[in-house]
Every structure is written in structure tokens, then in C-alpha cells.
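The sequence and structure come first, and the description follows.

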Amino acid sequence: MNILLTSAGRRAYIVDYFKNCNGIGKVYAANSQYTIALKRADGYFLTPLIYDPNYIASIINFCKEKDIKAVLSLFDIDLLVLAKHEAEFVNNGIKLILAPAGFVEICNDKYRTFEFCKKLGLQTPKTYLHIEDVMSAVKEGELSYPIIMKPRWGMASMGIYKVENEEELIIFTKKCKRDIFDSYLKYESSMTPDEAIIYQEIMTGEEYGLDVINSFDGKEYIATYAKQKVTMRSGETDLGRTASGIPFEEYTKKIAAESKHKGILSVDCFKNEKGIFIIEMNCRISGHYPLAYLAGFNYPQLLVDWLNGKDRNQELLKFEEDLYIIKDLVPTILEKK
């Protein structure tokens, strides 16, 4: 069973996880630029940019050439483009491991994530689309500074600002919008150009990253794995602690039933004296997944077994709690010219 990881970037460790699986064929990686993940793969493909008209066709052609039967993406924008073309992959005998396009849109759009949580009766931070509504909420006592401002279609902690007062609210709104339309965030943000920023109340308490697992067809909830985010670096968990998923299952079971996602869904949340607050969701292997892998949950092997038609191996679902895990940065030669 050959697989392809698209938008692999620098996540070479994910390539390694799949290469270590039993029953795997070759693990290919794709990206628009050559990276360490491509170097570590069994083969690679330099793709057009995600929004290039030839992007989907180029991936399908590569899959047919290399007899690749399943595709996973490691990047949020890529997920939506792939999901909208799922029928084309299916027609070519290629499985996409993600959520339905409608739910991917909810995850990528942070305001729709807020609306989704409210619809399901889940706690989530107060969220606003317009600076005037923020000012009004502060005046009425519904919201207080400091607040968090970030791109509505954001990722990787880009363009996030902590706003301490009304003067900063005005200044940072202009700067955040400039950040958005000077970066690759401009593509999805162009769908809501006048509402490209969201404003949220700041959450306090313990921050967690959750891996929510559904069956391969998206119809059955399987498990929730929790990792406390002790320290962060560039939007990803740097030092984390593995924890029990049981306190979060009331929320994650509702999300899993509504999302119908295949395999893994990443959920970020806060836990405090008022309960659990959902912050955002991503339909992919997350930056905090390695903590679960080191604690015993072998998602790549579970996925490969599913693709090979095997029954679920409960040993792969084991998870050791109260481990403190830190990422190790190791310099590596990419290539010699």
C-alpha cells in the first residue's frame, strides 16, 4: 500500500512514522518546495502551488504513476482544495483521508468554528467579526481587554495580536489585515475580504490539544487522546504532558458525530473552572500528535491497517498518561550542491 503525504513541509517525523509501519509500501511526500520531509520519503514530487489550476491533476497523475492508493495532507489550506475534488480522486481509485469538504471549511474558517460550537451547545470564546461590535461589547460590559485578534482563515499562529485597549484595537486591526493580504492567507481570506479578522475573548486555564479518532468511514467514534500544552513554539506544542481524554469526551463525541471525519481530527481547547472551551479544529495530523505517538497511540499503523482491510488492533490505541515530552531540534544537511 503506497501512500502520499501532501504539503509535507518540514514534518519529516511523520514520514518516518509511516515508513516504520507494517504492511506499508512506499511513503511518498509532496510539497511546492524541496524540504527535509521530501528528502526522507521513499520518493517525492514538487507540486505546483495549491491554488494553481493544475494542482489536483498533477497529484492524481503522480499517484497513478506511483500506484499510490491513499493521500493525506498535513496543511489546512491544502485540505480544503483536496476535499472539494474528492470525487476525482475516488474515480481514480485513490482514497483521501480527511473530512467532508463542508466540515473542512468549518475548521478553516475560525468564525464558522465558533458558530459550529454554539450550534452543538459547546462552550467557545466570545467571538466577533467587526471592530464596531468589539467596541460595543466592551462598552456594554460583555467583553473586556485584553482580547485576541487573529486572521479568520489563519494558521501557524500567523498575524495574532494581543490587544490591550481601543487604541491598539484600531492599530492592530490595520496591521493584521495587512499581514493577511501580504501572505498566503490572502487566498481563503479573499472569500471574506471585509471580514477577514476575528476578535476573541482571552481564555485562561490549561490549554490542551486533542486527537479525536473516528473510524475510516467516519461513522464511528473511537477515542480521544489529550495532551496538555505546557509550552508552545511557532504555534506548535514544544513541551507537553499526556493526559486522560475522558474529561473531554462529552465534547469530542458530539464533534465526531457531526463532522463525519475520517481518522484523525485535531481539536485545541482550554480547560478552567468554567469547563472546557473549544478554540479551533483541524482535519489532519497535528503538531501535537507526536506526543500521542510517543505515548503509544500509533495512528499511522492504524491507518495502514485500515487501508489493508485489517480489523482494528486495540494495541495500537494504547496511550500512557502523565508523560512529559519535548521536541528535540536536530540540525540536518538537506543536500550538497
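I24 sits in the loop that links α1 and β2; helices (H or I, at least four residues) and strands (E, at least two) are DSSP runs, numbered from the N terminus. I24 counts as buried because its relative accessibility is 17%, where buried means under 20% relative accessible area, exposed over 50% and partly exposed in between (1.4 Å probe, protein chains only). Apart from its neighbours within four places in sequence, I24 is in contact with M1, I3, F18, K19 and V304; contact means heavy atoms within 4.5 Å. M155 lies 131 residues from I24 along the chain, and the C-alpha atoms of the two are separated by 31 Å.

This is a predicted model, in which local features need pLDDT of at least 70 and side-chain atom pairs count only at pLDDT 80 or more, while totals for chains, interfaces and linings use all residues. Residues are numbered from 1 along each chain as its sequence is written, and side-chain values use heavy atoms, with hydrogens and water left out.

**The parallel sheet and its helices**

Five strands form an open sheet in the order β3-β2-β1-β4-β5, with parallel pairing. The edge positions are taken by β3 (43-46) and β5 (95-96), each with a single partner strand, so one side of each has no neighbour in the sheet. Two strands are called paired if DSSP finds at least two bridges between them. β1 and β4 pair in the parallel sense over five bridges, with T6 opposite S73 in β4. On the other pairing of β4, two bridges join β4 to β5, again in the parallel sense, and A70 stands opposite K95 in β5. Five of the six residues of β4 are buried, so the strand is mostly covered.

Helix α1 (residues 12-19) has A12, I14, V15, Y17 and F18 buried. An α-helix has 3.6 residues a turn, so residues three or four places apart point the same way. The buried residues of α1 pack against β1 (2-6), β2 (27-31), α2 (36-40), β4 (68-73), α12 (289-294) and α13 (299-307). α1 lies across β1, β2 and β4 and runs at about 170° to β1. Helix α3 (residues 55-66) lies across β1, β2, β3 and β4, at about 155° to β1. For these angles, axes are lines fitted to C-alpha atoms, for helices over the stretch in contact, and angles run from 0 to 180 degrees between N-to-C directions.

**Antiparallel pairings**

A second open sheet has four strands in the order β6-β9-β7-β8, with antiparallel pairing. β6 (127-128) and β8 (161-163) stand at its edges with a single partner strand each, so one side of each is left without a neighbour in the sheet. T192 is in the loop between α10 (186-189) and β9. T192 is buried, at a relative accessible area of 15%, and touches R152 and W153, not counting residues up to four places away in sequence.

Strand β13 (residues 264-272) is mostly covered, with eight of its nine residues buried. β13 and β14 form a hairpin with two residues between them.

| Strand | Partner | Bridges |
|---|---|---|
| β7 (residues 147-151) | β9 (residues 197-201) | five bridges |
| β10 (residues 206-214) | β13 | eight bridges |
| β13 | β14 (residues 275-282) | seven bridges |

How many cavities of 30 Å³ or more does the structure hold? There is one, and the largest cavity has a volume of about 60 Å³. A cavity is a set of points, on a 1 Å grid over the protein atoms alone, where a 1.4 Å probe fits but cannot get out; lining residues have an atom within 4 Å of a point. Grid points are joined across faces, edges and corners, and a volume is the space filled by probe spheres set on the points. The lining of the largest cavity consists of L72, S73, L74, I97, K262, I264, C283, R284, I285 and Y299. These lining residues divide into seven nonpolar, one polar and two charged. Here Ala, Val, Leu, Ile, Met, Phe, Trp, Tyr, Cys and Pro count as nonpolar, Asp, Glu, Lys and Arg as charged, and the others, Gly among them, as polar.

Terms used: 1 Å grid on protein atoms, 1.4 Å probe; cavity = no way out; pocket = protein on both sides within 12 Å on 5 of 7 lines; lining within 4 Å.
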